[in-house]
Every structure is written in structure tokens, then in C-alpha cells.
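Work through each task before you read its solution.

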Amino acid sequence: MERINQTVTAEEIKRQQFFTEEISRLPQKPESFFVVTYGCQMNAHDSEKLAGMLAEMGIREATRREDADFVIFNTCCIRENAERKALGNITWLREIRKKNPRLIIAVCGCMIQEPGMAEKILKQYRFINLAFGTSNLHKFPELFYRTLNSNCSTVVVEDRDVVPEGLPIIRARKEFAYITVMYGCNNFCSYCIVPFVRGRERSRNPGMILKEAESLLHSGVQEIMLLGQNVNSYGKDLEKPFSFASLLKELDRMEIPRIRFMTSHPKDLSDELIETMAGSTHILPQFHLPVQSGSDAILKKMNRKYTRMQYIDRVRKLREAIPGIGLSTDIIVGFPGETEDDFEATMSLVEQVRFDSAFTFIYSPRVGTAAASMDGRIDPLTASERIQKLILLQEQLQKETMKRFIGQREEILVEGLSRRSDLEVSGKGLHGISVTMPGNEDDIGKIRSCRITGLKNNTLTAEKV
Ligand code: 5AD
Ligand code: SF4
């Protein structure tokens, strides 16, 4: 298990290590754990940290959640359905507890950090043993120790924005690793709850990031993905400002074969970053650039701080500098006040830009955000019709854009056997697109060369070369 060697404060980490050791000696500690993860890559990476902390306590990971006697839900609250799904599953676990009275249930992540949620948990979900917010993740050993020694629920939400360092990590894959470069967001897009639940922007010290990358390189990692809500503002808050482009340049000098990052805000996408990517050896030709809407009026109401034209200009610049770059986006439909014309503007932007993939969402009001109190709610039927139209258009266009890969050589980092056949493997190509090719278990975790032969359900098919 790797460890990043710095702390919020050295004292704090010592304190948590003390609780980790205490738990490892407790007779009533659970034998096995299972982490259920909802939401984004940031959450997936937080779950790897939870797994690391639990392993240090001498608790093993169960393969199925039904078999574990400690289940922890790492939740998301970006849209209402993410929250509903988590709460539904947590309630279902109460039934499992009837069969296994030893079962301990914890809930953490963004949902707990939502205004009013801690109180709700205490009142309506009393069977939950432990709940803590994203800013308390590094204190998990102490909170868990308290839970194991008490019959009451422990609910802890602190507002303190921290940059946790020094947490043990058990990564889900050996060849691929997430590295958080910054926490939080300052943008306050009017629909988004992230700044409320993940706090203000805090960048990790570049030295710590490089150290983490170096240790991953020595352990044989093939690809790293740098994570932040808005990586383009990385380093602006540091005592000695250090740009994201500079960080990428440093990382590119190491021999890590593949480097990706997400997410970027169009307003902060600098020419320096584009030029750095173009001149790099290891940064992959892929970019996730959420547009959210193609209408200037809606972009303004969303507080996105760029216009349709400015977005298109950034894409042009990216494509000029990095020909053939894989481009993906996020789009919201049904934002308050979205007229037919606004929606058509989104459709025409999609048609004009031609994304390789688009994550599409129906606007979901989030308590406390500016948009939640805006007039002009779009009725669910209209929103649903709009998203279906958008998905259909994107699917049609995607078939066309993907054709540019046919006949080309690609390199894929094999993730596993393909779902369709044991004689095929799948993984991500250089441009961030899923590729399936002939292969077997020996290929998993390795970079393999192939030639793209066709397209099946948004996945490229390839032959070995
Ligand atoms: N409703 C719908 N989609 C949202 N997103 C963020 N907040 C909301 C919301 N309230 C989408 C945005 C963002 C992605 C991660 O989730 O498109 O880029
Ligand atoms: Fe949310 Fe906007 Fe920040 Fe992205 S940039 S996390 S959408 S507030």
C-alpha cells in the first residue's frame, strides 16, 4: 500500500494512526467491509482511501456487500436521482441487518455535506451507525473508533476545508491511478451543489503530487488521471502560484506512459495549457470540456462566464493544436427558463462541434443553489422530450465522428475481459474512447497496439497488430 507523506498537520495524522491501531486491537471490530460508491471519479478515489484506512485496521474487503459486516456508502448529491438511489439502497440494508445484527452501516460523501442532511439522518435514518462529510474523510479512524465503542449514531459534518495528505490508499487497479490535484470549486455555477458540499478551491502542493506520481511510476502504473472539479484553476491559491500547465510539464518529464485529467472549465482553459498538451509526450489527446448549454442566455443564467462563441473558439484552438483530439462534454437540458430556441441552440452547438461523447442530464434543482429559486421551471415531460432528442442527435453524430478512427493504429490500456466474450478484451484508447480487441487475461493492465476495424454500439472494435 502506498502512502502520501504529508498531512493536514503532522499531529492530526498521528492522532488518526493512534485510532487505526486501537481499532486493529478491538475485539468488536468488523471482520470485513464493503464500500458502495456513487457519483464521480473524485468519489471513486475517496473510496480507495477508505479501503486503505480499513485495511490498515486489519479489516478485509468482502467481495459482495451482503457478506460484509461493515458497509459504507460513499454518496453523491449532484442530482436528485443520485441521492434517491443511495437512500433507497441504505434503507434496503436495514433489512439485511435483521439477518446480521452485527452489521454496521456508515454513510459518507457529498450527500452528508448537504444543508439539512445530517439532521435528516439523525431523525429519519436512525439505523445508520456513522455519517460524516467529505471534509472529515481523513478523520475516519477516529470517527469509526467512536462508533465501535458506542450504541448511538455518530454524525459529523465539519465545514473546514482541508487538504488531506498522508492517507493510505488501496487502488482499485494497479495499472491506473487517480491523483487528486485540487479539492473544491469556487465557480458557483447556478445549478451546482459542488461548491457547497466540497468547499472552496484548495490545491495540493505540487511537490506532493509529483512525489505521489513518482511512487506510482515505480509501482508500475501505466496511466494516471489527475482529478479536480476545475483543474484549470489549479495552483492559483498556493502561496507560490503554480499553473496547471506547469504541473503537467513536470509530470510529462517523468516516464509515466499515459496522463489524463478532468474536469476543465471552458472559461479557464488557457492557451498555455493547450500548447503544453500539444508539445507533450505523455499527455493523451483527450479533453473533457463541459459546455452545459449552447444558448448564451442560458449560459448567463447558469453563471458559466463564457459565451457559445468563446466555447467554440476554445474547441477550435484545441483541435488546431492537437489534431484528432477526443472531445467529450456535459450538457444540461431543462434549465429554468430554457425556451425551445435555447434548446435548439444546444442542438445546433452539438451539431456544429461534433463531440466524441456527451453526458446529458435533465436539470435537477438542488436546495441552496441559485437556480433552485429561479422562475420558469420546465415541466418534466418537455425536459424528457428534449433530452431524448439530444441523445438521438448525439448518437447519430457520434457514429460519424468515430469513423475517423477506422483504419488507424491505436494503443489501448486493457481494463479487463470484454463483457461479450472471453476471447476479447476492452480498455480505453489514447482518445478516451472504449475499444474492444482480441485478447485474454494476460493482456489485462498492459498497453496493447491495435488497428481500429469498426464500430459497434459506441465502442470501437480493433485487431491486434
Ligand atoms: N442538474 C443536472 N445536472 C447537473 N450537473 C451538475 N449539477 C446539476 C444539476 N443540478 C451536471 C453538469 C456537470 C456534471 C458533472 O453534472 O453537467 O458538468
Ligand atoms: Fe459545479 Fe460549476 Fe464547479 Fe463544475 S465548475 S463543480 S459545474 S460549480
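A residue counts as buried under 20% relative accessible area and as exposed over 50%, with partly exposed in between (1.4 Å probe, protein chains only). This is a predicted model, in which local features need pLDDT of at least 70 and side-chain atom pairs count only at pLDDT 80 or more, while totals for chains, interfaces and linings use all residues. Residues are numbered from 1 along each chain as its sequence is written.

**Exercise 1.** Find which residues of α3 are buried, and which are exposed on the other side.

Step 1. Helices are DSSP runs (H or I, at least four residues), numbered from the N terminus.

Step 2. The buried residues of α3 are Ala82, Glu83, Ala86, Leu87, Ile90, Leu93, Ile96 and Arg97. Seen down the axis of α3, they fall within an arc of 160°, so they line one face of the helix. That arc is taken from the directions from the helix axis to the C-beta atoms.

Step 3. On the other side of α3, look for Arg84, Lys85, Lys98 and Lys99, which are exposed.

**Exercise 2.** Describe the lining of the largest cavity.

Step 1. On a 1 Å grid over the protein atoms alone, a cavity is a set of points where a 1.4 Å probe fits but cannot get out; lining residues have an atom within 4 Å of a point.

Step 2. The largest cavity is lined by 12 residues, and Ile13, Gln16, Gln17, Thr20 and Pro168 lie nearest its centre. The elements giving two or more residues to this lining are α1 (10–25) and α2 (41–56).

Step 3. The largest share of the lining, 4 residues, comes from α1.

Methods: Chains lettered and ligands numbered in written order. Heavy atoms only, no water. 1 Å grid on protein atoms, 1.4 Å probe; cavity = no way out; pocket = protein on both sides within 12 Å on 5 of 7 lines; lining within 4 Å.
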